Amino acid sequence: MHHLHPVVAKAVIVNSDGSKLLVLRKNNRDEYSLPGGHIDAGEMPEDAMRRELFEECGVQATSLDRIDFFRLQNDKIVLAYRATIDTDTAVSQQGEKEGAPTWITPAELDDSNIDDLYKQLIADHWINTPPLSLYAPSRQSHGRTRGLLRPHNPEPPERPARASWPSRSALAFG
């Protein structure tokens, strides 16, 4: 039996100079989320992300790059993107039912109430990250399911010795 996991697209959206992050502030509370949402049947993830950016924030990305993926505690799979937009104006096209688009600075992020996995994603791909042009593919894990793009490291890490399987005679059958 196969267990299907819902898949959503979320984005770390920064302004053109990288000084501010666009988040959704939920119901005038100090609770935040990243813009994004479910991928419709037959829709490509990048198309879903662009659609969600327009619906929730009224913006169009000048760049959109897939940066990560992970599973939330509720078993949703998140395809994470980093987007850059050229405007500081963001207005929801759906009446802010998902939250009000709000720009925050790194200092405001520290004090914000946002899911820890999203906060780590933001730290990895906004605050502590080089420009996207310096990224290169990698298969490193870093303790949780990680995505396709990681900062390029010219020297690969040492690989641990491969564990050997026990011989057939060492296994007890029966």
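Seven salt bridges are present in this predicted model, a salt bridge being a side-chain nitrogen of Lys or Arg within 4 Å of a carboxyl oxygen of Asp or Glu. Because the model is predicted, local features need pLDDT of at least 70 and side-chain atom pairs count only at pLDDT 80 or more, whereas totals for chains, interfaces and linings use all residues. Residues are numbered from 1 along each chain as its sequence is written, and side-chain values use heavy atoms, with hydrogens and water left out.

One of these salt bridges joins the side chains of Lys20 and Asp88, at 3.4 Å from N to O. The pair links distant parts of the chain, 68 residues apart: Lys20 lies in the loop between strand 1 (7-15) and strand 2 (21-25), and Asp88 in the loop between strand 6 (77-85) and strand 7 (100-104). Helices (H or I, at least four residues) and strands (E, at least two) are DSSP runs, numbered from the N terminus. Lys20 is partly exposed, at 24% relative accessibility, and Asp88 is also partly exposed, with a relative accessible area of 44%. Here buried means under 20% relative accessible area, exposed means over 50%, and partly exposed lies in between (1.4 Å probe, protein chains only).

Arg51 takes part in two further salt bridges: with Glu52 at 3.1 Å, N to O, and with Glu55 at 3.3 Å, N to O. Glu55 and Arg51 are four residues apart in helix 1 (residues 45-57), so they are separated by about one helical turn. Salt bridges that share partners join Asp40, Glu43, Arg51, Glu52 and Glu55 into one network.

The volume of the largest pocket is about 440 Å³. On a 1 Å grid over the protein atoms alone, a pocket is an open set of points where a 1.4 Å probe fits, with protein on both sides within 12 Å along at least five of seven lines; lining residues have an atom within 4 Å of a point. Grid points are joined across faces, edges and corners, and the volume is the space filled by probe spheres set on the points. Of the 25 lining residues, Lys10, Lys26, Ser33, Glu98 and Tyr118 lie nearest the centre of the pocket. By class, the lining has seven nonpolar, eight polar and 10 charged residues, where Asp, Glu, Lys and Arg count as charged, Ala, Val, Leu, Ile, Met, Phe, Trp, Tyr, Cys and Pro as nonpolar, and the others, Gly among them, as polar.

Tyr118 belongs to helix 3 (residues 116-127), where Tyr118, Leu121, Ile122, Ala123, Asp124, His125 and Trp126 are buried. At the start of helix 3, a side-chain oxygen of Asp115 comes to within 2.8 Å of the backbone nitrogen of Leu117. Asp75, in the loop between strand 5 (63-71) and strand 6, has a phi near 75°, a positive value in a residue other than glycine.

Overall, the protein has three helices and nine strands, in the sequence pattern β-β-β-β-α-β-β-β-α-α-β-β. Buried residues account for 37% of its 174 residues. Of the contacts (heavy atoms within 4.5 Å) between residues at least 6 apart in sequence, 61% join residues at least 24 apart.

Technical notes:
Polar contact = N/O pair within 3.5 Å; in protein donor to acceptor, adjacent residues only side chain to side chain.
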